[in-house]
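Open your viewer and load the model. This tour goes stop by stop: select, look, move on.

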Amino acid sequence: MSRRAVRVLRLGAVPYAEALRVQERCVAAARAARGPAAPPGPAAGRGGAEALPAESVVLSEPAQPVYTWGLRGAPGAAAAAALRARGAALVAARRGGHITFHGPGQLLAFPVLDLRRRRLPLRAYVAGLEALVLRLCRRLGLGAARALPPPFTGVWMGDSKLCAIGVHCGNHITSHGLALNCCTDLSWFEHIVPCGLEGKGVTSLSRELGQHVAVSHVLEPFLDSFQEVFDCTLVFSEDPGD
């Protein structure tokens, strides 16, 4: 059986809102691919060209600081005003989890996968996201990185979170995903309780490795790990409007 194809969209440094817009287009495409007229295998597009894969992963680096929250943990009016005064935007996101920070130096990965076709339970999918970041960490020499048992999510170095995970799954199609601190300015996290976890810290690849690790440095090993964990073939596309 051939491996499922996943389209890779590398947006570079863009506003968080732009990454969300591209993600929503990918979600719409994944839903449309389920339609009764959609063939089970690769389809022909305009002019007989092969159609784009139904599944995608959107990769970006937030160009400006932004605080986001999911189903819980929205800041009160005074706290929101204080965060805005520091120069950050505030965005409510359709994902699980409490408030967190996104900004320059952070890799955002939004996989848009069809869990029903993959026969993959949601919890196993979240474990897969953790597994791919753990593989990436081992490739970079961070063998001490670990995932904690539920209800904790993400990837940790000791009591400090290196990678946060917050997903949405509608009609078995995933969105949102993970935020990996590469060379993030961690002082932005000091103004919130990250992910609603009192007494826990936040760290980055740069801090743990003792050297500057840019987002661009981790893209290739990240995608290698993604292919291995989700058993797929990657198809690269630079145009989010495809």
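A salt bridge here is a side-chain nitrogen of Lys or Arg within 4 Å of a carboxyl oxygen of Asp or Glu. With that in hand, select R4, E55 and R118: salt bridges link them in a network. The structure holds 10 salt bridges.

A word on the ground rules. This is a predicted model, where local features need pLDDT of at least 70, side-chain atom pairs count only at pLDDT 80 or more, and totals for chains, interfaces and linings use all residues. Residues are numbered from 1 along each chain as its sequence is written, and side-chain values use heavy atoms, with hydrogens and water left out.

Stop 1: Select R3 and D231. Their closest N and O atoms are 3.1 Å apart, in a salt bridge. R3 lies in the segment before β1 (4-14) and D231 in the loop between α6 (215-230) and β11 (232-237), so the pair ties together parts that are 228 residues apart in sequence. Helices (H or I, at least four residues) and strands (E, at least two) are DSSP runs, numbered from the N terminus.

Now pick R139 and E228. This salt bridge has its closest N and O atoms 2.5 Å apart. R139 sits in helix α4 and E228 in helix α6, so the pair ties together parts that are 89 residues apart in sequence.

Next, D114 and R117. Their side chains meet in a salt bridge at 3.7 Å, N to O. Is D114 buried or exposed? D114 counts as buried, at 5% relative accessibility. R117 is partly exposed at 39%. The cut-offs: buried is under 20% relative accessible area, exposed over 50%, partly exposed in between (1.4 Å probe, protein chains only).

**Stop 2: the cores.** A nonpolar core is a set of buried Ala, Val, Leu, Ile, Met, Phe, Trp, Tyr and Cys residues joined through side-chain atoms within 4.5 Å. The largest has 38 residues; L178, L180, L205, F222 and F226 have the most contacts inside it. Helix α4 (residues 122-140) gives the most to this core, with nine residues. Another core, of 18 residues, lies apart from it; L20, V22, V58 and V66 are among its members.

**Stop 3: a sheet.** Show β3, β4 and β5. These three strands form an open, mixed sheet in the order β4-β3-β5. Strands pair if DSSP finds at least two bridges between them. The edge strands are β4 (89-92) and β5 (100-102), each pairing on one side only. Four bridges join β3 (residues 66-69) to β4, and the two run parallel. Finish on T68: opposite stands V91 in β4.
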